[in-house]
Amino acid sequence: MSPKNAFWVLGVSPDATPGEIEREGRKVLGLLEIGAESAKTYTCPFGELPRDATMVREAMAALRDPKRRAKERCLAKLGSGPRSEVEDMDAPLADAFLIGGYRGL
Amino acid sequence: MLPLAPIILLIRLATRGTSTGSSSGSGFSATGRAVLWVFGVMSWVGCLLLTLAAIGDWSRERTWERVEIVAVFVSIDVVFGAGLFLAWPILRALARRGTPKLVYYLAHASLIFPLTGETYAGATLLAGIALAHRGRVTKKEVRWLESRLKREQRHLGTFGAAYALIEALKAKRADDKKRRLVALEHAQRARTLFGTLTYFSPRAIPPGVLRFAYEYLALDDARQAHWSAMLLAEKGQATTVVRALASWVREQAGEPAKPYEKRARRRLASPIVERLFSRPKESQPPSGAAEAHALLIRDYDALVRGRAVSPRSSLNVLMLLDTFLHPEYPDTLLPEDIRGDEALVASIHEEVALSLRDVFARTGVPLFALKNIGPVSARVYEALETSLLEEMQSALDRVNEHKKLAYRRDPFAEWLEVAYLRGLYRRIEYTLGPDALARVWKPFAYAYCNLGVLLSETWPRRRPLAFSVFRLLSVEAHRFQDQQQAQQQLHNMTVTSGVQ
């Protein structure tokens with residue numbers, strides 16, 4: 001799972017059709033062309049990352065190839081889906097430093 | 001009559017090391033502050049004698065005037081004595097109130113750590129602890145701590161602890177700003193620097209500072225879910241927090257907690273610790289493919305985002321990826337149209353393995369404990385083995401080159417190098433297991449010993465730091481039954497066990 005997954009760069013669902021992917025790609029390129037702020041970043045599970053026209057073109061090219069589209073779809077879906085809510089016996093203690101009263105660590 | 005014997009003993013101790021020029025000089029060094037502290041102690045003893053005389057006078061003639069004199073003398077004795085002998089515990093308690101500047105200047109005034117002579121480092125450490133308790137540390141405050149620490153001339157254990165704490169504060173700042181990789185790098189540095197302190201000679205690190213280092217390491221281990229490391233601190237080195245956490249770890253492992261650990265838990269009465277005790281005692285395996293997939297999504301996502309995941313869950317992720325990305329598994333995540341394409345499936349395995357390589361190279365994962373190797377885990381193992389061994393080789397080459405050129409750097413860089421190499425060695429052990437470690441032992445021992453000798457024998461000497469190098473090598477030499485190396489390191493430890 002890479003933050004540069006083509007589906008995330010274009011901001012389309014992994015189940016989108018080739019037509020939808022092409023339309024969304026052109027739309028983002030157009031927005032980048034006119035300097036729209038909203039198009040300069042994209043959101044993925046890693047957070048908000050910067051995006052430029054080269055990345056968008058590469059992503060579109062990758063998704064035109066059916067095999068690469070299948071691969072990218074598989075990788076994009078790997079990080080999405082219902083998450084387990086089970087509490088593990090040995091899970092990390094995120095607020096461990098608060099036990100010692102360390103708010104700044 | 002003045003108690004001359006203890007005064008003479010104190011002066012002798014304070015001047016030991018410089019007059020003999022002993023390479024292994026025990027005792028503490030005669031820094032100006034140490035001498036000043038000895039004179040402070042002498043004055044305090046004098047004041048104590050005057051107090052006793054005043055009490056004697058008061059018992060003969062009981063007047064209010066005499067009571068006032070006794071009260072003044074007793075107050076001076078208490079305040080002066082507390083400043084001389086109890087500076088660390090008092091200022092440590094004051095630091096909890098989050099007043100960095102106040103504890104910094106009070107630490108200077110009380111000549112903190114006169115025996116190791118690290119007043120600047122001690123004051124900086126206390127100021128750092130105060131900031132750590134207060135939270136919301138600014139860039140300006142971190143820079144102030146750094147500038148104070150740079151003034152330290154003696155680079156013993158307290159210096160290392162202050163340096164490690166500054167790195168930990170930087171890690172928290174970066175994490176708050178969502179700069180995850182930078183935060184991980186600083187946190188890793190802080191961890192290895194604190195870890196180095198646990199190999200220090202007791203002469204070169206005050207007990208309170210060592211206990212603070214163990215507390216930091218235990219809390220960091222809890223944050224990373226390295227629970228077994230919680231039992232490493234001995235009774236005298238463990239603070240209340242460490243003892244309380246250790247009691248939970250013992251309970252989870254099915255062994256009874258020690259009485260002092262139970263007392264620590266009661267004394268701490270922390271809701272966070274109590275939450276730990278309410279966790280399930282056993283892990284339930286997933287009942288079906290859907291549940292296993294939900295577990296995979298949760299832990300894989302946390303891993304690639306750089307969040308902490310327990311070693312057991314990290315191994316589960318690898319096993320689940322092996323299963324769910326196998327084309328013949330009935331509930332495979334691979335789309336039907338590509339399952340027959342071996343090259344494409346392999347490229348998916350490759351990409352998933354790559355996404356985990358950097359994560360595991362930083363945090364480590366006990367890969368050697370995996371019983372069944374699949375397409376993803378095999379790639380992760382191969383990538384990690386290559387990456388860690390290459391990293392070690394280049395680090396050792398660099399050290400050998402420095403030794404050849406007798407190249408010395410500032411104390412920050414040298415502390416970091418010693419800590420980094422030890423951390424890398426431990427990461428290899430943790431990730432690839434004892435067999436892989438045995439392969440790197442000889443070249444590591446040679447280069448790391450070179451680094452220790454460089455620190456010990458070239459100017460400016462940093463023998464306490466060199467001691468930590470030799471101590472690690474000594475422990476490992478015994479483990480690998482390398483008698484020659486063990487004897488050599490024992491000799492090196494004797495030479496560098498002082499603070500000069």
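User: Before we get going, where do the domain bounds come from, and into which domains is chain B divided?

Analyst: Domain bounds here come from an automatic or database domain assignment. This is a predicted model. On that assignment chain B is divided into domain 1 (4-85), domain 2 (87-224), domain 3 (225-282), domain 4 (289-365) and domain 5 (383-496).

User: How far apart are the centres of domain 3 and domain 5 of chain B?

Analyst: Domain 3 of chain B covers 225-282, and domain 5 covers 383-496. Taken over C-alpha atoms, their centres are separated by 33 Å.

User: What covers the buried residues of H11(B)?

Analyst: Helix H11 of chain B runs over residues 240-252, and its buried residues include B:Val241, B:Leu245 and B:Trp248. The cover draws on both chains, and includes helices H10 (207-224), H12 (259-268) and H13 (271-277) of chain B, along with helix H5 (96-99) of chain A.

User: Is B:Gln188 buried, exposed or partly exposed?

Analyst: B:Gln188 sits in helix H9 (residues 180-197) of chain B. Buried would take 20 or more other C-beta atoms within 10 Å, and exposed 12 or fewer. B:Gln188 has 18 of them, so the call is partly exposed.

User: Which element gives the most to the side of chain A that touches chain B?

Analyst: The contact takes 38 residues from chain A and 58 residues from chain B. On the chain A side, the elements giving two or more residues are helix H4 (66-78) and H5. With eight residues, the one that gives the most is H4(A).

Terms used: Residues numbered from 1 in each chain as written. Chains lettered and ligands numbered in written order. Predicted model: local features only at pLDDT ≥ 70, side-chain atom pairs only at ≥ 80, totals over all residues. Helix = DSSP H or I, 4+ residues; strand = E, 2+ residues; numbered from the N terminus. Expected span 1.5 Å × (residues − 1). Contact = placed C-beta atoms within 7 Å.
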